[in-house]
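Trainee: Could you take me through one part of this model in detail? I would like to hear about the aromatic rings and what surrounds them.

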Amino acid sequence: MIRRSAEVPLETKLNVRGGVGVTRGMELLKLGDMAGILSLGTTTLEPGATIGEHPHPNTEDLYLILAGKGVGVLNGERFPVGAGDLFLVKAGGSHGLINDSAAPLTFLGVLTRSPEPGA
């Protein structure tokens, strides 16, 4: 499969997961495109935008910061993030992201199913 970014629509969303502000993203892989991946895409948070802290009862989600800086939230703990940093929420946890800077913050998100017990 080849997927060119120019062929993937850029979606604008407001107040993602109970957060505030504008995000823009591209879903590069969807359910069924690759075994184990529910979604893979890039998202840009405009200055002041947030993705509200939200639970992952049966999925795992990795955020790899590609550009910018902000504040990650993992299971209620806040910590600074910048380009090259990643954080992963395991099934049963929660996470969010805050762009508290004057520049956009872009990350790659990878959403997977929780592994089966004993797998």
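Mentor: Phe79 is buried, as is Phe87, where buried means under 20% relative accessible area with a 1.4 Å probe and protein chains only. A search of the whole structure finds three aromatic pairs; rings of Phe, Tyr and Trp (its six-membered ring) pair if their centres lie within 6.5 Å, and planes under 30 degrees apart count as stacked, over 60 as edge-to-face and the rest as tilted. Among them is the tilted pair of Tyr63 and Phe107, at 4.2 Å centre to centre with 35° between the planes. This pair joins distant parts of the chain, 44 residues apart: Tyr63 sits in strand S5 (residues 59–67) and Phe107 in strand S10 (residues 105–113). Strands here are DSSP runs (E, at least two residues), numbered from the N terminus. Both Tyr63 and Phe107 are buried. Phe79 and Phe87, in turn, form an edge-to-face pair, with 5.1 Å centre to centre and 90° between the planes. Ring pairs connect Tyr63, Phe79, Phe87 and Phe107 into a cluster.

Now for the sheet. Four strands make an open, antiparallel sheet in the order S4-S9-S6-S7, and two strands pair if DSSP finds at least two bridges between them. Its edge strands, S4 (50–56) and S7 (77–82), each pair on one side only. Strand S6 (residues 69–74) pairs with S7 over six bridges, in the antiparallel sense; Val71 has Pro80 as its bridge partner in S7.

Two notes on reading all this. The model is predicted, so local features need pLDDT of at least 70 and side-chain atom pairs count only at pLDDT 80 or more, while totals for chains, interfaces and linings use all residues. Residues are numbered from 1 along each chain as its sequence is written, and side-chain values use heavy atoms, leaving out hydrogens and water.

Technical notes. Buried < 20%, exposed > 50% of the residue type's maximum accessible area, 1.4 Å probe, protein only.
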